[in-house]
Amino acid sequence: MKRRKLRILVITMGGSRKEAMQTMFEHCTDHFEYVFCPGIPSRLLRTREGFFHTAYEAGLIPAEEWEALQIGLRDYPKDPNFFDRCLQNVPVTENRQGSLEHKKLHYSVELWRKCKALNRGRCVLGCFMAHLMAMKKLVEE
C-alpha cells in the first residue's frame, strides 16, 4: 500500500530564502510534498487597492463587494468617499454579527475602517492574511 505524501505548507516572501528552502527540501520529495505560498509585505496593505485585493484573496471580502470595489478603485482612485458610490447597489451581507451600526455596513467598509490605522500592527495583519491565503490554497488543491 502506497502512502500519501505529507503536504508541507511554506509561507515565504520568495527570493534567496525560498531558493534555499527548495534546495534543502529537494532530497525529501519521496515522503513530502511542498506547497509554497507568498508572504504579504505590510506596505502592500497601506493602500486601499492593495488592502482590498489582499483581503479578497484571503477570503475576507465577499465576491460581490470585491467586484464593485474593483470598479470603484478604477473609477474613483482619489476619492475618499468612493465606498458609497461603488457599493451602493451591492446588498449588505445578511446574518452579520456585531453592533447595529456595524451590521449596516459592508464587510469591506468595516474592515477598512478598522485596519487603516494599524501602523506597526500591519505586519501582523499581513502575516495573518498570508496564513489565510495559504490555508485556502492548501484546501482548494
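Biologist: What pLDDT does the protein average, and how many of the residues score at least 70?

Modeller: This is a predicted model, and the protein averages a pLDDT of 85, with 96% of the residues scoring at least 70.

Biologist: Where is confidence lowest, and where is it highest?

Modeller: Lowest is H4, at a mean of 74, while helix H2 (residues 48-57) is highest, at 91.

Biologist: OK, arginines. Where does arginine 96 lie?

Modeller: Arginine 96 is in the loop between helix H4 (82-86) and helix H5 (100-103).

Biologist: Buried or exposed?

Modeller: Arginine 96 has 7% relative accessibility, so it counts as buried, the cut-off being under 20%.

Biologist: What does the side chain of arginine 96 have 3.2 Å from one of its polar atoms?

Modeller: That's the backbone oxygen of histidine 102. Leaving out residues up to four places away in sequence, arginine 96 also touches Lys103, Leu105, His106, Tyr107 and Glu110, as well as His102 itself.

Biologist: And arginine 122, which helix is that in?

Modeller: Helix H7, which covers residues 122-140. Arginine 122 is buried yet has no salt bridge.

Biologist: Which side chain of opposite charge is nearest to arginine 122?

Modeller: Glutamate 49, and that one is 15 Å away. A salt bridge would need to be within 4 Å.

Biologist: Then which backbone oxygen does the side chain of arginine 122 reach?

Modeller: The one on lysine 116, at 3.2 Å. Lys116 is also on the contact list of arginine 122, along with Ser42, Leu45, Arg46 and Cys115, not counting residues up to four places away in sequence.

Biologist: Switching to rings: how many aromatic pairs does the count come to?

Modeller: The count comes to 6 aromatic pairs. One of them is phenylalanine 32 with tyrosine 34, a tilted pair at 6.2 Å centre to centre, with 40° between the planes.

Biologist: How do those two sit, buried or exposed?

Modeller: Phenylalanine 32 is partly exposed at a relative accessible area of 29%, whereas tyrosine 34 is buried at 18%. Together with Phe25, Phe32 and Tyr34 form one aromatic cluster.

Biologist: What about phenylalanine 51 and tryptophan 112, what sort of pair do they form?

Modeller: An edge-to-face one, 5.3 Å centre to centre and 65° between the planes.

Biologist: Which helices does that pair lie in?

Modeller: Phenylalanine 51 is in helix H2 and tryptophan 112 in helix H6 (residues 107-115), so the pair ties together parts that are 61 residues apart in sequence. Phenylalanine 51 is buried, with a relative accessible area of 1%, and tryptophan 112 counts as buried at 9%.

Methods:
Residues are numbered from 1 along each chain as its sequence is written. This is a predicted model: local features need pLDDT of at least 70, side-chain atom pairs count only at pLDDT 80 or more; totals for chains, interfaces and linings use all residues. Side-chain values use heavy atoms; hydrogens and water are left out. Helices (H or I, at least four residues) and strands (E, at least two) are DSSP runs, numbered from the N terminus. Buried means under 20% relative accessible area, exposed over 50%, partly exposed in between (1.4 Å probe, protein chains only). A polar contact is a pair of N or O atoms within 3.5 Å; within protein, one must be able to donate a hydrogen and the other to accept it, and residues adjacent in sequence count only if both atoms are side-chain atoms. Contact means heavy atoms within 4.5 Å. Lys and Arg count as positive and Asp and Glu as negative; His and the chain ends are not counted. pLDDT is the predictor's confidence in each residue, from 0 to 100. Rings of Phe, Tyr and Trp (its six-membered ring) pair if their centres lie within 6.5 Å; planes under 30 degrees apart count as stacked, over 60 as edge-to-face and the rest as tilted.
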